[in-house]
Every structure is written in C-alpha cells, then in structure tokens.
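Take a look at the sequence and the model first, and then we can go through the details together.

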Amino acid sequence: MTSSTTDYSATARRVIAIEIAGMSALADSLNGEFSRAVEMILATKGRVIVSGMGKSGHIGRKIAATLASTGTPAHFVHPAEASHGDLGMITPTDLALVLSNSGETPELADLIAHTRRFSIPMIGVASRPESTLLKQADLALVLPQAEEACGTGVVPTTSTTMTLALGDALAVALMEHRHFTAEHFRTFHPGGKLGARLAKVSDLMHTDLPLVPEATPMSEALLVMSQKGFGVIGALDAQGRLSGIVTDGDLRRHMDGLLQHTVAEVMTAKPRTITPEQLAEAAVAQMNDRKITSLFVVQDDRPVGFIQIHDCLRAGIV
C-alpha cells in the first residue's frame, strides 16, 4: 500500500466521521416539530411536493421517490421550472416540502410565494431558523449547525447527508403509521430485482397439475407424469388432499417391478409444500434446504399449484 493510498483512506475516514457527527446532532435535535411534520403529511389529501435547488434538489428528488414508493404520494418540482409554468402542478390539496441549506435560495421565491398565496401548507427544511424559507414556512425543520466535510465549509456534504436522513426519517415514520408492508412495497416495484424478490408463489406457480389418486397403478401414473412434463406426480387421498409425491428418485428406488405397484406404494409420503401467499424467495430457500427442485403449492392441504426452481430462476429470484 502506498503512502498516497493511506492518505486517501485517512481523508475518507475524516469525512465519514464529520458526517456521523452531523447525523448524531440531527438525531439529538429532533423534537415535537418532527412529529407535527409527520401529522401534517398524514393530513394531506393530495401529494407531497418536494422542491430544492442544486444539491438540495438532488436530495429532494430522492426524498420524493422514497415517499412515493412507500405509500405517500409525492412529486419533485424543480424551482426554476416552477417559475415557468410548473407552479400549476401544485394545488391547494398538496403540501410543499421545501429544502434549502441556507434558507435563502433565490430560485425558491416564486414557489414559496405560490404556497402563501393559495394557502398551501409548507414545511421548510434549512439550517438557519431566521432564514426567509423557515420564517415563511408553516412548520420549520431546522438542521443543526454542523461542519461540512469538505474542509472549506462551502461544499454541501454533511448538510445534504442530514437532509437526506431527515427525509428517510419522515418516510419511515409515515410507513410505520400506515403499517406499510413488503406486499405494499411490491405494488410500487413490480419490475427489476426488487420486484422479483417480492414475487409471491402464486405469481409463478403452474396450475395444470400432475395429480393422480394414490391408488392409481404406476403404469397409468407414468403416463400422467410424461404428459405434464414436470418429472413428478402428486398423489391424492380420498379427501383430495396431497398425501405424497413421486419423483425420479422414487422411480429408481422401485425399478424392480415398478409397473406392478400403485402410486401409494412408490410415493414419498408427506412431501414438503408451500402456500400460494408466501414469497417465492421462501420457496427457493426451502428447495435449497432440502436439495429438491420443486414444490407443490397447497391451500388447506389441497394442491392448487406447482413451482419449480427453474420458474424462480427465470423470474430472477436466484
């Protein structure tokens, strides 16, 4: 390791330590105003309109995206675009969440004036309590005075990290109040890796099932196994419940005189199963744990589907 690399690492540790100190100060500063902010957002019938300029704008986009994906309708409006027509996107049923470290960002003037003119609730986030933004806001969330990590005090670093964390805190507080679940989250993330991980068994399972009564002769059962193409068959008892499963391994173990047996004589009884409402990830975990490649899906002990490891692979789960 060169001395230059060591110096870079020391810089990184110093930056992170400064930002941690800022985050700690932010946590200590939270009071009843934060709770009031959450209550204001919960009372909003429209959307949360997030706005900010420069680095605050980049943070604002992330906060709006996090709110929108966790059950709080939200949208980012760029303050410069707001001055050129996008103010029409902000209605009296909305709430504005306006970000500015100094609280004096000139590009925010038209947006602030618009919220005051039409009595649109506004939460301001800034580090200066006497700033124009916080004095005009219906509720002020004051960022604590903290050292910027750049060393010169002019590059937004600690301040933007604190703003981002404050946005996450609002989003999580709102989630917890609304009892927002992974299933709700999946509704807003149907695509990509996240959507795949939250797919349910019912989303991937086959419903044309390889099933026969357990008293079926193996000569007939083999035809069903071949027709369905899954390499397995499920056995049903007299009440229509899944009582066993016949796999390639069962066939090999009973090769001698196989066609003279019934399904009940060959099958593996009480096979592993899964329910349709469980996540497909749970099916993958169970298949990996048992070193098997498929599971019958049951509801009230009756088979309603069939899922294979290949279905999960195609969906991007494993």
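In which helix do Asp311 and Arg314 both lie, and how many residues apart are they? Both belong to helix H15 (residues 309–314), 3 residues apart, or about one turn of the helix. Helices here (H or I, at least four residues) and strands (E, at least two) are DSSP runs, numbered from the N terminus.

The side chains of Asp311 and Arg314 form a salt bridge, 2.6 Å from N to O. The term stands for a side-chain nitrogen of Lys or Arg within 4 Å of a carboxyl oxygen of Asp or Glu. Asp311 is buried at 7% relative accessibility, while Arg314 is exposed at 64%. Buried means under 20% relative accessible area, exposed over 50%, and partly exposed in between, using a 1.4 Å probe and protein chains only.

## How to read the model

This is a predicted model, in which local features need pLDDT of at least 70 and side-chain atom pairs count only at pLDDT 80 or more, whereas totals for chains, interfaces and linings use all residues. Residues are numbered from 1 along each chain as its sequence is written, and side-chain values use heavy atoms, with hydrogens and water left out.

## Overall shape

The protein chain has 15 helices and 12 strands. Its radius of gyration is 29 Å, well over the 20 Å that the globule rule gives for 318 residues, so the chain is more spread out than a compact globule. That radius is taken over C-alpha atoms, and the rule is 2.2 Å times the number of residues to the power 0.38. Along its principal axes, the C-alpha trace spans about 90 × 60 × 35 Å. Of the 318 residues, 42% count as buried.

## Salt bridges across the sequence

A search of the whole structure finds 8 salt bridges. One of them joins the side chains of Asp94 and Arg47, at 3.6 Å from N to O. This pair links distant parts of the chain, 47 residues apart: Asp94 is in the loop between helix H4 (79–82) and strand E3 (95–99), and Arg47 is in the loop between helix H2 (32–42) and strand E1 (48–52). Asp94 is buried at 3% relative accessible area, and Arg47 is partly exposed at 27%.

Lys228 and Asp208 also meet through their side chains in a salt bridge, at 2.7 Å from N to O. Lys228 sits in helix H11 (residues 218–228), and Asp208, 20 residues apart from it, in the loop between helix H10 (201–204) and strand E6 (211–213). Lys228 is partly exposed, with a relative accessible area of 29%.

## Nonpolar cores

The largest nonpolar core has 28 residues, and Val48, Val50, Leu67, Leu97 and Ile123 have the most contacts inside it. Such a core is a set of buried Ala, Val, Leu, Ile, Met, Phe, Trp, Tyr and Cys residues joined through side-chain atoms within 4.5 Å. Helix H7 (158–178) is among the elements that give two or more residues to this core, and H7 gives the most, with 6 residues.

Leaving aside neighbours within four places in sequence, Val48 is in contact (heavy atoms within 4.5 Å) with residues including Ile41, Leu67, Leu95 and Leu97.

## Helix H3

Helix H3 (residues 55–69) has 15 residues and reaches 22 Å from its first C-alpha to its last, close to the expected 21 Å. The expected span is 1.5 Å times one less than the number of residues. Among the buried residues of H3 are Ile59, Ile63 and Leu67. Gly71, which follows H3, has a positive phi near 100°.
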